[in-house]
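Let's take a friendly look at how two chains meet in a model. The report starts with charged pairs and then widens out.

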Amino acid sequence: MPAFNQLNTYLYLAVILFCLGLYGVLSRRNLIAVLISVELMLNAASINFMAFNRFLAPHPAVGQIAALFIMAVAAAEAAIALSIIVALYRKLKSINIEQANELRG
Amino acid sequence: MSLLIATISFYLVVAATVVGAVIAVAARNIFHNVLGLALSLIGVAGLFLYLNSPFVALMQILIYVGAITIAICFAIMLSQPLYLPAPPRNPLKIQGAAFGAGLVFIFLGLLTRQTLWTPAAERVHDWSITTIGHYLLTQYVVIFELISLLLLVAMLGAIVTARGGRGGA
């Protein structure tokens with residue numbers, strides 16, 4: 001069976017994407033870079049939904065609707081995060097997350 | 001022959017996804033990060049094509065590559081200037097992040113390998129757009145309306161936050 005017709009190929013690919021995104025969230029300090037990494041993790045979740053939809057699900061529309069929902073949530077999240085980035089830059093003159101520590105006790 | 005072409009283009013798509021993700025995470029220049037993200041998202045859209053869903057692949061390109069990436073570009077232009085030197089990286093933090101992500105990678109990889117995935121007993125093979133549209137307006141209509149409400153609230157929240165926050169000008 002070719003590789004693109006096996007469930008495991010897609011699942012491993014999603015694991016790789018998710019862990020790259022997790023590494024980015026943990027290691028980067030630029031707020032925009034963190035946002036980019038979160039988008040990668042959301043995409044890994046979408047790939048999983050679509051793969052289960054293709055190979056396992058009883059009805060093939062369920063996973064596609066879940067993937068569409070993830071896209072809408074990602075768009076909303078990006079809009080909110082970008083406005084927060086703009087507001088934070090106006091206040092701190094920086095988007096380094098280690099400098100956003102005004103609430104530190 | 002067509003199988004060979006399909007396999008080769010599948011590996012090209014996989015390579016675009018992974019290489020794009022690596023660029024998006026590892027490159028120092030934030031603009032290169034966005035370009036890598038766009039490459040990776042196009043790769044994921046190709047994967048969706050291989051998963052028998054041209055509609056979701058189209059939406060992926062339209063929403064992610066067309067809208068979210070451009071919005072991130074706008075945020076880059078409105079915030080930190082690119083000519084400023086980047087602060088030095090903390091090697092301890094990089095190592096810790098790589099260690100943590102590696103642990104999660106091993107855990108998820110083993111989980112994927114050990115689980116026995118069994119398909120549902122009865123399966124329908126109808127991947128058409130008509131079916132998705134039908135389900136979106138009958139069985140999943142609440143999800144559909146919830147997405148609209150979520151986008152409206154997010155839009156209002158983004159406007160309020162970007163205009164100077166509560167009580168601001």
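## Salt bridges

Between chain A and chain B, the rule finds 1 salt bridge, where the term means a side-chain nitrogen of Lys or Arg within 4 Å of a carboxyl oxygen of Asp or Glu. The partners are B:Lys93 and A:Glu98, with 3.3 Å from N to O. Side chains of opposite charge can pair when their charged atoms come close.

Over all chains the count comes to 2 salt bridges. A:Glu98 also meets A:Arg29 in a salt bridge, at 4.0 Å from N to O. That pair links distant parts of the chain, 69 residues apart: A:Glu98 is in the segment after H3 of chain A, and A:Arg29 is in the loop between H1 and H2 of chain A.

## About the model

This is a predicted model, in which local features need pLDDT of at least 70 and side-chain atom pairs count only at pLDDT 80 or more, while totals for chains, interfaces and linings use all residues. Residues are numbered from 1 along each chain as its sequence is written, chains are lettered from A and ligands numbered from 1 in the order in which they are written, and side-chain values use heavy atoms, leaving out hydrogens and water.

Chain A has a mean pLDDT (the predictor's confidence in each residue, from 0 to 100) of 89, and 99% of its residues reach 70 or more. For chain B the mean is 88, with 96% of residues at 70 or more. Within chain B, helix H5 (residues 129–137) has the lowest confidence, at a mean of 88, and helix H2 (residues 30–50) the highest, at 94.

## The interface

In all, 75 residues of chain A are in contact with 83 residues of chain B, contact being heavy atoms within 4.5 Å. About 6,800 Å² is buried between the two chains, and carbon and sulfur atoms give 76% of this; buried area is the accessible area (1.4 Å probe) that two parts lose on being put together, summed over both.

## An aromatic pair

The structure holds 8 aromatic pairs over all chains; rings of Phe, Tyr and Trp (its six-membered ring) pair if their centres lie within 6.5 Å, with planes under 30 degrees apart counted as stacked, over 60 as edge-to-face and the rest as tilted. One of them is the edge-to-face pair of A:Tyr10 and B:Phe10, 5.8 Å centre to centre with 70° between the planes. A:Tyr10 lies in helix H1 of chain A and B:Phe10 in helix H1 (residues 2–26) of chain B, so the pair joins two chains. Helices here are DSSP runs (H or I, at least four residues), as strands are (E, at least two), numbered from the N terminus.
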